[in-house]
Amino acid sequence: MAVPALYQEPLGEGVVRCHLCPHQCLLRPGDEGLCRVRRNVDGVLLAEGYGRMAAVSVEPVEKKPFYHFHPGTWTLSLGTFGCNMSCNYCQNWTISQRGSGEGEPFLGRQEVEAQIQELKARQPLLRSIVFTFTEPTVSIEYVRDVAAVAREKGLFVLLKTNGFLSRQPWEELLPLLDGANIDLKGLRDEYYVRQLGGRVGPVMENIARAVEAGLHVEITTLLVPGDFDRVEEVEAIARWLAGLNRDLPLHLPRFYPDFQRGGAPAPWNLLDEARKAAQEHLHHVYIPGSPLPAAGDTFCPGCGTPLLRRRGFRVEPTTFLEEVAGGSYRCGACHAPLALKGSLASPIARTPGL
Ligand code: SF4
């Protein structure tokens with residue numbers, strides 16, 4: 001289903017400018033944007049990816065990854081087609097680097113509402129919906145509509161995004177969200193332009209705006225061997241993030257070759273070094289899925305006592321995690337507050353603290 005696209009400007013003679021993302025595509029009749037899901041049809045820009053599903057699943061919220069947002073709960077993951085960037089290692093390139101076809105399954109507002117109803121009956125730990133897998137914001141009309149449905153049904157709304165969006169759409173989207181995991185793939189604009197098909201400036205500005213707006217924000221940075229693998233660059237990212245808030249969780253997932261990139265997966269010891277460097281600036285730095293001891297655990301920002309243990313996507317509080325009035329948490333050893341949004345799923349067995 002195609003709907004009229006938001007943030008379009010008619011320029012006369014059928015030509016339209018799309019202001020949704022910093023690419024600012026200029027589209028003549030018949031043209032499609034770089035994201036492949038917005039097309040000029042007879043002088044009107046249409047969002048063709050609306051509701052056409054590339055992927056749907058129910059997953060632990062930790063998998064997205066969100067480690068500080070209602071830990072241990074489940075989320076309904078929705079993915080439409082398309083992306084406004086073109087990372088040469090994309091693991092979801094078969095759905096991100098293409099537009100949507102008429103034959104794809106359609107999940108509109110009513111269908112999502114029915115699905116939430118059914119899932120809540122089956123999965124009592126379902127707490128949120130997350131727009132993920134590709135770049136959700138290129139179908140911002142869908143995100144906005146379905147976010148409203150999810151909130152009506154009592155779910156939180158999360159976004160996994162590259163953050164490459166124009167200022168106005170981003171600021172108008174923020175109030176509809178409860179959390180965002182935003183990729184910050186480096187700080188060098190040349191790397192963003194040459195290998196990722198984006199620009200870093202707008203991403204950094206959008207991260208800062210989200211933090212300033214009080215949104216729950218987590219960050220993902222991918223080290224890519226040979227292209228972005230200098231520990232000093234990860235430390236620079238951590239330093240910049242710490243200037244916004246030292247409690248921002250930073251995730252350093254492992255690179256696996258895909259799409260146009262060959263080579264070996266990122267070495268675990270490289271990720272470990274990067275994590276240690278980032279921990280000089282940030283309280284919470286993780287390597288999702290790592291076999292390294294405690295690489296996914298949450299420690300007290302005050303005294304370093306372990307507060308949450310993670311094994312795969314399973315999360316368990318230690319005996320040192322204390323819940324205080326109002327649903328917030330703190331360290332039982334030194335009483336430092338832990339930046340954790342929402343409650344832990346229960347019941348969860350407590351594990352020995354140290
Ligand atoms: S959202 Fe798509 S069509 Fe619009 S400016 Fe970005 S890449 Fe171009």
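Trainee: Which residues does the cis peptide bond join, and what is its omega?

Mentor: The cis bond joins K64 and P65, with omega at about 0 degrees, and P65 is found in the loop between β7 (53-60) and β8 (74-80).

Trainee: What pLDDT does the protein average?

Mentor: The predictor's confidence in each residue is expressed as pLDDT, from 0 to 100. Here the protein averages 95, and 97% of the residues score at least 70. Over residues 347-354, however, the pLDDT is below 50, although in the model this stretch has 18 contacts beyond near neighbours in sequence. Where pLDDT is low, the predicted coordinates should not be read in detail.

Trainee: Into which domains is the protein divided?

Mentor: The division gives domain 1 (3-47), domain 2 (53-301) and domain 3 (302-354). The C-alpha centres of domain 2 and domain 3 lie 23 Å apart, and their contact takes 19 residues from domain 2 and 24 residues from domain 3. On the side of domain 2 that touches domain 3, there are seven nonpolar, eight polar and four charged residues.

Trainee: At what angle do helix α7 and helix α8 cross?

Mentor: A pair of helices is read from the distance and angle of the axes, then the handedness, then the residues that meet. For α7 (residues 231-244) and α8 (residues 268-278), the axes come within 8 Å and cross at roughly 35 degrees, and the crossing is right-handed. From α7 the contact draws on V231, V234, E235 and A238, and from α8 on E273, A274, A277 and A278, a set with six nonpolar, no polar and two charged residues.

Trainee: How far apart are the axes of helix α2 and helix α3?

Mentor: The axes of α2 (residues 109-122) and α3 (residues 140-152) are 10 Å apart, and these helices pack at an angle of about 30 degrees, again in a right-handed crossing. R109, V112, E113 and I116 in α2 meet D145, V146, V149 and A150 in α3, and by class this contact has five nonpolar, no polar and three charged residues.

Trainee: Which residues are found around the ligand?

Mentor: The shell around the ligand consists of C18, L20, C21, H23, Q24, C25, G33, L34, C35, R38, N84 and V138. By class, the residues of this shell divide into seven nonpolar, four polar and one charged.

Key. Residues are numbered from 1 along each chain as its sequence is written. This is a predicted model: local features need pLDDT of at least 70, side-chain atom pairs count only at pLDDT 80 or more; totals for chains, interfaces and linings use all residues. Axes are lines fitted to C-alpha atoms, for helices over the stretch in contact, and angles run from 0 to 180 degrees between N-to-C directions. Helices (H or I, at least four residues) and strands (E, at least two) are DSSP runs, numbered from the N terminus. A crossing is left-handed if the near helix is turned anticlockwise from the far one by less than a right angle, and right-handed if clockwise. Two residues are in contact if their C-beta atoms, placed from the backbone, lie within 7 Å. Ala, Val, Leu, Ile, Met, Phe, Trp, Tyr, Cys and Pro count as nonpolar, Asp, Glu, Lys and Arg as charged, and the others, Gly among them, as polar. Domain bounds come from an automatic or database domain assignment. A residue is near a molecule or strand if its C-beta atom, placed from the backbone, lies within 6 Å of it.
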